[in-house]
Amino acid sequence: MKKTYVLLLTVILAGYWINLDGQTTPRQGEILITEIMVNPEAVSDANGEWFEIWNSTDHDLLLNGITLSDAGSNLHIMASAGKLILPAKSYWVLAKNGDPLINGGVVANYVYQSFTLSNTSDQVILTSADAALIDQVSYAAGWPVVSGASMELHPDYHSFSGNDQPEHWFPARVPFGAGDKGSPGKVNPVSSGLEEWEEGIRMDIYPNPSQGRFILEVEFSKPQAGEIRLINLLGQDFIYKSFGETTSFKEVIEPAFMTPGIWFIEVAAGGMVRIMKLFIE
Ligand SMILES: [Ca+2]
Ligand SMILES: [Ca+2]
Ligand SMILES: [Ca+2]
């Protein structure tokens with residue numbers, strides 16, 4: 001009986017101490033997967049795969065004991081001699097290789113083993129030490145898996161289920177390190193600049209989905225010159241048209257090379273970029 005009390009007291013004190021320290025173990029949705037480098041190009045997949053997580057809470061989270069797995073046999077349990085603390089509202093990069101000279105220039109917060117990211121379809125599943133699901137992303141055909149660019153989650157969808165849908169992810173457009181595109185450990189730029197871009201560029205495409213012919217409407221807050229680019233899931237980038245200084249235009253677009261699938265329509269002008277996703281049936 002006495003032993004039970006001592007044990008109980010220890011457990012209570014331990015819990016109190018953890019609270020005092022301000023770190024807790026993550027529950028569902030408290031850590032979110034926000035970016036995934038599935039298919040690096042500047043370095044090999046064996047060295048250059050990584051993914052980014054974000055602490056959505058306003059308190060620090062303890063990552064020791066979290067399991068990283070897929071639906072197959074990949075499995076890694078996060079471990080360290082010290083505490084792995086993901087600070088409140090912060091990003092961490094978990095990478096296959098921790099050396100920026102080898103991994104394409106990624107500064108990793110944690111290095112894992114026994115976990116790879118298939119270039120066609122795979123899962124990133126985070127579970128807590130008591131086997132509760134923290135977050136997962138399952139990507140497959142139709143997701144923006146591009147060679148040499150990570151997939152970045154749009155900030156409007158930083159939630160447990162928000163990152164489950166392919167239309168909430170975009171291929172990264174800004175290079176880092178050795179030249180691949182992505183924003184490891186940083187706010188996703190499709191996102192970070194979004195309000196600014198929306199302020200400077202208003203853009204609409206319709207119909208979407210389209211049969212191959214669609215209308216692009218663009219409006220700028222002040223006169224801008226720039227270009228329209230059409231990008232496919234392979235990262236192939238077609239400059240459709242350059243335009244001179246204007247405050248708005250409406251363009252009917254119907255190029256024969258736009259095969260069915262997902263496309264990204266990009267308008268770049270005056271240092272701003274706005275990207276929208278288009279489905280061609
Ligand atoms: Ca890969
Ligand atoms: Ca999820
Ligand atoms: Ca990022």
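Modeller: Let me start with burial, where a residue counts as buried under 20% relative accessible area, as exposed over 50%, and as partly exposed in between, with a 1.4 Å probe and protein chains only. By that scale threonine 116, at 35% relative accessibility, counts as partly exposed. This is a predicted model, so local features need pLDDT of at least 70 and side-chain atom pairs count only at pLDDT 80 or more, while totals for chains, interfaces and linings use all residues. Residues are numbered from 1 along each chain as its sequence is written, chains are lettered from A and ligands numbered from 1 in the order in which they are written, and side-chain values use heavy atoms, with hydrogens and water left out.

Colleague: OK, so where is threonine 116?

Modeller: Threonine 116 sits in the loop between strand 9 and strand 10, where strands (E, at least two residues) and helices (H or I, at least four) are DSSP runs numbered from the N terminus. Its C-alpha atom is 8.6 Å from that of valine 38, although the two residues are 78 residues apart along the chain. If neighbours within four places in sequence are left aside, threonine 116 is in contact (heavy atoms within 4.5 Å) with Glu49, Asn74, Lys96 and Asp122.

Colleague: Which residues are the protein donors of the calcium ion (ligand 1)?

Modeller: They are Val38 (O), Asp45 (OD), Glu49 (OE), Leu117 (O) and Asn119 (OD1), which lie 2.3 to 2.4 Å from the ion. Donors here are N, O and S atoms within 2.8 Å of the metal, or 3.2 Å for Na, K and Ca, and sites may look incomplete because water is not among the atoms. Glutamate 49 belongs to the loop between helix 2 (45–48) and strand 3 (50–55), and leucine 117 to the loop between strand 9 (110–111) and strand 10 (122–127), so this pair ties together parts that are 68 residues apart in sequence.

Colleague: And are glutamate 49 and leucine 117 buried or exposed?

Modeller: Glutamate 49 is buried, with a relative accessible area of 3%, and leucine 117 counts as buried at 3% relative accessibility.

Colleague: What coordinates the calcium ion (ligand 2)?

Modeller: That ion is coordinated at 2.3 to 2.4 Å by Asp135 (OD), Gln136 (O), Phe160 (O), Asn163 (OD1) and Asp164 (OD). Since aspartate 135 lies in strand 11 (residues 133–139) and asparagine 163 in the loop between strand 12 (151–153) and strand 13 (169–171), the pair ties together parts that are 28 residues apart in sequence. Both aspartate 135 and asparagine 163 are buried.

Colleague: How many residues does the largest nonpolar core have?

Modeller: It has 29 residues, and Ile36, Phe51, Ile53 and Leu63 have the most contacts inside it; such a core is a set of buried Ala, Val, Leu, Ile, Met, Phe, Trp, Tyr and Cys residues joined through side-chain atoms within 4.5 Å. Among the elements giving two or more residues to this core are strand 3, strand 10 and strand 11. A second, separate core of 21 residues includes Ile201, Leu216, Ile253 and Met258.
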